[in-house]
Amino acid sequence: MGEGTRKIIHVDMDAFYASVEGRDDPRLRGRPLAVAWGGKRSVVLTASYEARVYGVRSAMPLYRALERCPHLLVVEPRFDAYREVSAQVREIFRHYTPLVEPLSLDEAYLDVTAPLTGGPSATRIAGSIRAEIRAATGLTATAGVSVNKFLAKLASGRNKPDGLTVLLPAQADALLASLPTADFHGIGPATARKLAAHGVHTGADLRATPPEQLVAWFGRTGEHFARIARGQDDRPVEPGRAPVSIGAEETYADDLRTLGQVRAVLPGLARAVERRLVGANVVGRVVVLKLKFHDRTLLTRRVTLPQPVREAEVLARVASRLVSAELLSGRGVRLVGITVAGLGPPPPPQPTLFGEAWEQ
C-alpha cells in the first residue's frame, strides 16, 4: 500500500457465539452446534462450522436446522459471556489504534493508517491482533486488510475461519468483476434477484450498468452499488459511534400486493431486529414501520411505547398494527422495514412482560 493510502482492517470472530460455547464446555467442541433460544419460532443465532457442513446457517429457523442436522446440539445464548469476550477483543484493538468502529459484538473495522504501535505494515498488525485474540480468549478471528472498508470486509470473507487476507486494489479489480452480485456486502438476496432480472449477475455486469440506471432501480442506494462494483468506498472508520436506531429491511423481487402478504414478512424482520438489539445490549421505545411502494413513494408510521422493548414477537405485533389495508390502498409494496429508536440500556428484569399489555 502506497504512501497516503488508507490502511483498513476488518476483524471478524469465527462463529463467535458457538465458539465461546465450545471453549467454555469441552463437550461441545468439534460437534455440530447451534446457538438459539428454544421454541418453534426460534432462529439460529450462530452455527459452528461443523453444523454448517449440513447447511445450518445463521438466521435459519431452528426447526429447519434440526431437519437438516437431526443430531444438532442446541444451546441458549449467554450474552453476558459474549459481551465479556467482546470487551477483551476491543481492548486489544485499542492497543493499536483509537480508530475502532464496532459493527457488532464479534466484528469491527480498524483504521491503522497511523497506528499507535506495531509498525507501518497493516498486514503485520492484523497478524498480531489475531495472535493476541487467541492468547487472551482462546478463540480465533479472521482478518481482511485493504484500502477501504468495503474491500477489507470482502477480504475477511475470503479465507474463513482463522484466516488473514490482504486485498490490494489491483487484485480487487479482477475479483470484483467475476464476483456474483449476491456476494457483494450490502446486496441482499432480493436485490440480487432483481439485478438478475435485469441481466446483472456479476460485478462486471454491475460496472457496465450506467449509474443513473441503478439509481432508477434502487434510488440513492444505486449510487453505492456503482461505487462498490469498482472497489470504491470513502466511508471513514467512525470510532465509538453509538447507534441512534437499529432496524432491518428487505426489498422484494415481486411487489407485496395484500395486507396479508405485508404482515407475513414482519416476523422475520422483527427477529432480525431483535438479534441486533440483543447484540448491542439495548432496548427501544419507538417502533417505526417503513414501506416503499412500487412507484418509489416512501411511507413511515411510528409509535412510542410506554416501556422499552426488543422482543421479536412484540415488535412484529406492533408493526402489524401500524399497517392497514387503507394505508396500502392497493399499491404494490417493494420494501418493508422495521426500525427501533429511542435506544437505551435494558432495564432490570421485571416480574411481568410488557408484551402482555399489547394483548388487550
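**Ground rules.** I number residues from 1 along each chain as its sequence is written, and for side-chain values I use heavy atoms, with hydrogens and water left out. Since I am reading a predicted model, I note that local features need pLDDT of at least 70 and that side-chain atom pairs count only at pLDDT 80 or more, whereas totals for chains, interfaces and linings use all residues.

**Entry 1, the sheet of 5 strands.** I looked up the strand order and found an open sheet that runs E5-E6-E1-E7-E8 with mixed pairing; helices (H or I, at least four residues) and strands (E, at least two) are DSSP runs numbered from the N terminus, and two strands pair if DSSP finds at least two bridges between them. Strand E5 (100-104) and strand E8 (164-166) are the edges, and each has a single partner strand, so one side of each is left without a neighbour in the sheet. Direction ignored, neighbouring strands of this sheet are turned by 15° against each other on average; axes here are lines fitted to C-alpha atoms, for helices over the stretch in contact, and angles run from 0 to 180 degrees between N-to-C directions.

I then went through the pairs. Strand E1 (residues 8-13) pairs with strand E6 (residues 107-111) in the antiparallel sense over 5 bridges, and valine 11 stands opposite alanine 108 in E6. Helix H5 (residues 122-137) packs on this sheet, where H5 touches E1, E6, strand E7 (141-146) and E8, and the direction of H5 makes about 170° with that of E7; contact means heavy atoms within 4.5 Å. E5 and E6 also pair in the antiparallel sense, over 4 bridges, and they form a hairpin with 2 residues between them. Glutamate 101 has tyrosine 109 in E6 as its bridge partner.

**Entry 2, the sheet of 3 strands.** I found another open sheet, with the order E3-E2-E4 and mixed pairing. Strand E3 (46-47) and strand E4 (73-75) stand at its edges with a single partner strand each, so one side of each has no neighbour in the sheet. Strand E2 (residues 33-35) pairs with E4 in the parallel sense over 3 bridges, with leucine 33 opposite leucine 73 in E4. H1 packs on this sheet and touches E2, E3 and E4, its direction making about 115° with that of E2.

I looked up how helix H12 (residues 259-280) meets helix H13 (residues 312-322), and they pack at an angle of about 135° with their axes 8 Å apart. That makes H12 oblique to H13, given that angles under 35 degrees count as roughly parallel, over 145 as roughly antiparallel, 65 to 115 as roughly perpendicular and the rest as oblique. H12 passes H13 in a right-handed crossing; a crossing is left-handed if the near helix is turned anticlockwise from the far one by less than a right angle, and right-handed if clockwise. Among the residues that meet are Leu266, Ala270 and Val273 in H12 and Leu315 and Ala319 in H13. The residues of this contact divide into 9 nonpolar, 1 polar and 3 charged, where Ala, Val, Leu, Ile, Met, Phe, Trp, Tyr, Cys and Pro count as nonpolar, Asp, Glu, Lys and Arg as charged, and the others, Gly among them, as polar.

For helix H4 (residues 79-96) and H5, I note axes that come within 10 Å and cross at roughly 145°, in a right-handed crossing. The residues of their contact divide into 9 nonpolar, 4 polar and 1 charged.

My search of the whole structure for salt bridges (a side-chain nitrogen of Lys or Arg within 4 Å of a carboxyl oxygen of Asp or Glu) finds 16 of them. One of them joins lysine 160 to aspartate 14, whose closest N and O atoms are 2.8 Å apart. This pair links distant parts of the chain, 146 residues apart, with lysine 160 in the loop between helix H6 (149-156) and E8 and aspartate 14 in the loop between E1 and helix H1 (16-24).

I also checked the backbone here, bearing in mind that most residues other than glycine have a negative phi, and most peptide bonds are trans. A cis peptide bond joins lysine 160 and proline 161, with omega about 0°. Aspartate 162, in the loop between H6 and E8, has a positive phi of about 60° although it is not a glycine.
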